[in-house]
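User: I'd like to learn how to read a model like this one. Can you walk me through it, feature by feature?

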Amino acid sequence: MLEEFLSKNAIYIVMIIVLIVWAGVFGFLFALNNRIKHIEKEIEGDKGK
Amino acid sequence: MIWKIVLFLLIAFVSIAGITFPIVAKPEHWYEFPLIMGLGENAKIIFFHVPTAWLTVIAFLMSTVYSIKYLRNKDLVDDIKAHSAAQLGMVFCILATITGAVWAKFAWGSYWSWDPRQTSIFALLLIYGALFALRSAVEVEEKRAALSAVYSIIAFVTVPFFIFIMPRIMRGLHPGSADDTNAGTVVNFKMNGNMQLIFFLSLIGFTILYYWMWYVGYKSMLYKEKLNKQYH
């Protein structure tokens, strides 16, 4: 069903591909966010001592 | 700040133009794309899939340049820069593989068919995957930096061959293969001036986006390292 729809409306394939690229960028941001959180924790933890 | 605004406008324009501009048999207006036999509407992937492959090359090249710099100056900051670039290169390499596979499902009939292009990017993923395995296996900082710098330089030697040469001299399904009579070489791609312009704008936009991602990635790694040294 979905395959048939997509092969008839190829523009949605392009949309899916754009979404995958965005998902990759978001994944990178997510990893970056975790790294910054880690840095933050380390600085905050030091203050607490 | 200005380049960030330029980046936003570029990406916004490319996204809108790349998706909405119609494909017609004989383009008469500036906003129409030419029809490429056998590709049809699928051809629009070129504005989003090719930049990811392009960034793979840029990122790995940058990683190599900083690796050479590291080996000359033994400055650990260069190692972090190289690592950040290699990481992004891997992200975009995976994205190019996945977007290509999804497209292939509808253009060629299956997600994966070991086309020369797919085989070569798979080899590239393995080669650079080993770089991260190597990095995580070595504890001593200087040793890790030196080893991964040497490995990164050797690994980059394969990139031009896998990305630019092998898929073009072999017969295959990917546009731009040796026996491709529909689209021709990837750069010509039977694009008209307008399509080419948006394609190059897309490359520029994605390159700026890459630079931004690399910059924040590298800074965060740098401060993490600095903190680690301070507190442990």
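Analyst: Here is a short tour, starting with the ground rules. This is a predicted model, where local features need pLDDT of at least 70, side-chain atom pairs count only at pLDDT 80 or more, and totals for chains, interfaces and linings use all residues. Residues are numbered from 1 along each chain as its sequence is written, while chains are lettered from A and ligands numbered from 1 in the order in which they are written.

User: How many helices and strands does chain A have?

Analyst: Helices (H or I, at least four residues) and strands (E, at least two) are DSSP runs, numbered from the N terminus. Chain A has two helices and zero strands, and its C-alpha trace spans about 65 × 15 × 5 Å along the principal axes.

User: How many residues of chain A are in contact with chain B?

Analyst: Two residues are in contact if their C-beta atoms, placed from the backbone, lie within 7 Å. By that rule, 21 residues of chain A are in contact with 25 residues of chain B. The largest share of chain A's side, 18 residues, comes from α2(A). That side divides into 15 nonpolar, three polar and three charged residues. Here Ala, Val, Leu, Ile, Met, Phe, Trp, Tyr, Cys and Pro count as nonpolar, Asp, Glu, Lys and Arg as charged, and the others, Gly among them, as polar.

User: What span should helix α3 of chain B have?

Analyst: Take 1.5 Å times one less than the number of residues. For the 32 residues of α3(B), residues 76-107, that gives 46 Å, and the end C-alpha atoms are 46 Å apart, so the two agree.

User: Is Phe92(B) buried or exposed?

Analyst: Count the other C-beta atoms (placed from the backbone) within 10 Å of the residue's own: 20 or more is buried, 12 or fewer exposed, in between partly exposed. Phe92(B), which lies in α3(B), is buried because 26 other C-beta atoms lie within 10 Å. Leaving aside neighbours within four places in sequence, Phe92(B) is in contact with Thr52(B), Leu55(B), Thr56(B) and Ala59(B). As for the helix, 25 of the 32 residues of α3(B) are buried.

User: Which residue other than glycine has a positive phi near 55°?

Analyst: Most residues other than glycine have a negative phi. Lys74(B) has a phi near 55° and sits in the loop between α2 (49-73) and α3 of chain B. Lys74(B) is partly exposed, since 13 other C-beta atoms lie within 10 Å. Trp114(B), with phi near 50°, is in the loop between α3 and α4 (116-137) of chain B. Trp114(B) is exposed, with 10 other C-beta atoms within 10 Å.
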